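Student: Can we walk through this one together? I have it open and would like to ask as we go.

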Amino acid sequence: RVLAGDFGPPAVKEPPIIDGKLNRGKLLIGTTIFYEDEHVGEDDIKLIAEGGFDFLLCEIGETFQKQMTAWCGQYAVALISKDQTLPAGSGIAEALAKGGDLFAGYTPEAIRVGDTAGDEPHASLYDSWGEYYRLYRQRFPDKFLFCNLFPAGTPAKKLGAKNYAEYVAQFVEKVPTDFISLDEYPFFSISLLNRLAFRLCLHTYDVVGSACRENGRDFWLYFQTQGHWFDHIYTLPSFEQIRWQAYTALAYGAKCLMHVSYTPVWGRDAYAMIDKQGRVTEQYLYARRLNAELNLLSPVYMKYQNLGVLPASAKNSGGAVRSALRRQKKSAQNKGFGGIAPVGGVVSQRNALAGYFKEAEGAGFALMLVDCAGLYRPGAKQDVSVELTKPCRVRLYQNGALAREESACRRFTVTLASGEGIFAQIEEE
């Protein structure tokens, strides 16, 4: 079926656009076509729509953008793109200094829910970007400007701040957006880099997740679905590794996940959801499978607010993620976070983490339990047990769907596959 172009029925999900705005009430899923690609056509946008993606982010020229806008409109895929008439990056300060109407040449499109302002800015740009954001919002209250920050591990000189936490804090202070987006790609082909990569990955999630909790912003993430770019420095991630990135980000409270990339970018050997000849690859199938889970989970997950993240108490804590989880535990301790009242403890066979949640409008709690031990062992499984301090009703969501429900529960155990996440609703009885 796949060889014949039959990828199954289209995704079932909540609408990506409501009343002319991006539907921020759902767990958003996006992907990218950063640059013009001769192999991209209408059929690709149809595949993106059917694959459970809500929006497409593009950095493309004017002619190709018009075609993309038409196709996205046809298949109800929201579009965030670069408009050649708008200032961006370091050019924003110059445009503001010149005065005049910054939007005189801009033509809004209904399917284009946002415009890009730039990528990975130096902190010295924040003041001018903040003013630009305010002017844009005044003119287009139903749309938004998108920008993406550096991840942790970027040198201080490049950040324009003494450390990563300060870089993010300055952005929050000076740029009036209701989300923080960043890119984080943790899977390398060089094994020596992996332990450091996981430390930086979870540190990035922790810093941004904390900033979002403290300032009422949403956490958006570009994550690694393609591979072999930059001369094969980055490896091609398996389904389990793609899934781990997504569920780990959800454990930190992410509200938007963006697969990088639909088209191969950043190197002659890059391999994405389509290859250099425009053929659909297994990476598209992996993304589509994961998206189906996430879209199923969205109505449940989005009812909760993230409170913090702790590693499970692992009986065997070796492996590539061990150091990253220790750093996360120390960070939680420094913040004074120790979990939630109904949960007495989370014990795992091997490395795992737990994201803790509180119902936004209600008295319920939740956990996102994520396997961190089987990232290089696709068939691996482990049990994770949760001790409760009082009888509770528990609902367990696996692969996005309700899998089990227990009442008067004082302890429950789940079996996590490699990179898998299970969401547990917990209500005191």
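Student: What does the side chain of asparagine 163 reach in alanine 165?
Tutor: A polar atom of the asparagine 163 side chain lies 3.3 Å from the backbone nitrogen of alanine 165. A polar contact is a pair of N or O atoms within 3.5 Å; within protein, one must be able to donate a hydrogen and the other to accept it, and residues adjacent in sequence count only if both atoms are side-chain atoms. This is a predicted model: local features need pLDDT of at least 70, side-chain atom pairs count only at pLDDT 80 or more, and totals for chains, interfaces and linings use all residues. Residues are numbered from 1 along each chain as its sequence is written, and side-chain values use heavy atoms, with hydrogens and water left out.

Student: Where is asparagine 163 in the chain?
Tutor: In the loop between helix H5 (156-159) and H6. Helices (H or I, at least four residues) and strands (E, at least two) are DSSP runs, numbered from the N terminus.

Student: New topic. Which residues of H4 meet H6?
Tutor: Tyr126, Asp127, Gly130 and Arg134 do. Their partners in H6 are Tyr167, Gln170, Phe171 and Lys174. Contact means heavy atoms within 4.5 Å.

Student: Now strand E9. Why is it called largely enclosed?
Tutor: Because 7 of the 7 residues of E9 (residues 218-224) are buried. Asp218, Trp220, Tyr222 and Gln224 cover one side, and Phe219, Leu221 and Phe223 the other.

Student: Which strands does E9 pair with?
Tutor: E8 (residues 179-183) runs parallel to E9, joined by 5 bridges. Strands pair if DSSP finds at least two bridges between them. Strand E10 (residues 254-260) is also parallel to E9, with 6 bridges.

Student: Which residues stand opposite each other?
Tutor: Phenylalanine 179 stands opposite aspartate 218 in E9. Tryptophan 220 has cysteine 256 in E10 as its bridge partner.

Student: What does the side chain of glutamine 226 reach?
Tutor: The backbone oxygen of valine 265, at 3.2 Å. Leaving aside neighbours within four places in sequence, glutamine 226 is in contact with residues including Thr235, Pro237, Val260 and Trp266.

Definitions and conventions:
Buried < 20%, exposed > 50% of the residue type's maximum accessible area, 1.4 Å probe, protein only.
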